[in-house]
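Dear colleague,

Please find below the structure that I am handing over to you.

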Amino acid sequence: MHKTIAFILSACLLLTGCQADTDSSAKSHYDRLNREIEILKAQAQTTPTGSNIRIVVNMLTTNSSDYDLLDSLFQYTDQNIIATKKPDVLHRSGLKLGLANAGFKVRLDIIKSNLKYSEETELFLVLADGATGYIDVGTEIAVPAFYYLGRWYSAADYRFRRAGKSLKVTAHKLPNDMIAMKLTPVFSRFTSDAANMELTELTTAVTAPPGKTIIIGGTTGQDKSIATALFSGRSKGEKTQTLITVTPFIW
């Protein structure tokens, strides 16, 4: 009787040990595959293939009182390269876009050194030719109301505090080695049912050579414009405004 019990216990221990070894081996294999996948993903993001478009985005945020300095940078851009379906709607929105000229970078560095307060964020998107991505501008619409296409949108009726703000970007490589981008402002989680609102009437097309910088911002002094709703925010109790630069590359 004791021998039988001992054999059964030995068999159970042996089986348990085999199961533990199997589980350990499976977990090790899973971890290894997971590491290999992460490595491949990192390589896909950092290794140029020539078939994708890499968009480098820089967001420079400063106090609203200093934003006039950033707004002056549009003097160093070509704003005639912008195409939009409804120029009058774009003008009323307060949005401004331009292609940086030779003096832009030098002027930007001078202005940055004179800002009382600033924050910079850099990110990038890697898109397949013709694909779409989003540049997250921030959260919360920091104005009480804004005007778009003949009607007012107010914080009393919409979810301004929970809204996300972004620019939808669709990029194409052109046969002449230029890059074409379409930019559309988007307010997400904006309505009572958390739906998105794409401001398609403000979709803007920009064509630029690889490595050329596009500047995106808004005019100052229009507290209820789309531009202010999209690019303004709050930091440490003060109003802020953001200027965005976008630089595409063949990747």
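**Cavity and overall fold**

One cavity of 30 Å³ or more is found when the whole structure is searched. Here a cavity is a set of points, on a 1 Å grid over the protein atoms alone, where a 1.4 Å probe fits but cannot get out; points are joined across faces, edges and corners, and a volume is the space filled by probe spheres set on them.

This is a predicted model, in which local features need pLDDT of at least 70 and side-chain atom pairs count only at pLDDT 80 or more, while totals for chains, interfaces and linings use all residues. Residues are numbered from 1 along each chain as its sequence is written, and side-chain values use heavy atoms, with hydrogens and water left out.

The volume of the largest cavity is about 70 Å³. Its lining (residues with an atom within 4 Å of a point) consists of Leu95, Leu97, Leu167, Leu183, Thr184, Pro185, Leu202, Thr204, Ile216 and Leu230. Strands are DSSP runs of E of at least two residues, and helices runs of H or I of at least four, numbered from the N terminus.

As for the protein chain, it has five helices and 15 strands. Of its 251 residues, 41% are buried, that is, under 20% relative accessible area with a 1.4 Å probe, protein chains only. Among contacts (heavy atoms within 4.5 Å) between residues at least 6 apart in sequence, 76% join residues at least 24 apart.

Yours sincerely

Conventions:
1 Å grid on protein atoms, 1.4 Å probe; cavity = no way out; pocket = protein on both sides within 12 Å on 5 of 7 lines; lining within 4 Å. Buried < 20%, exposed > 50% of the residue type's maximum accessible area, 1.4 Å probe, protein only.
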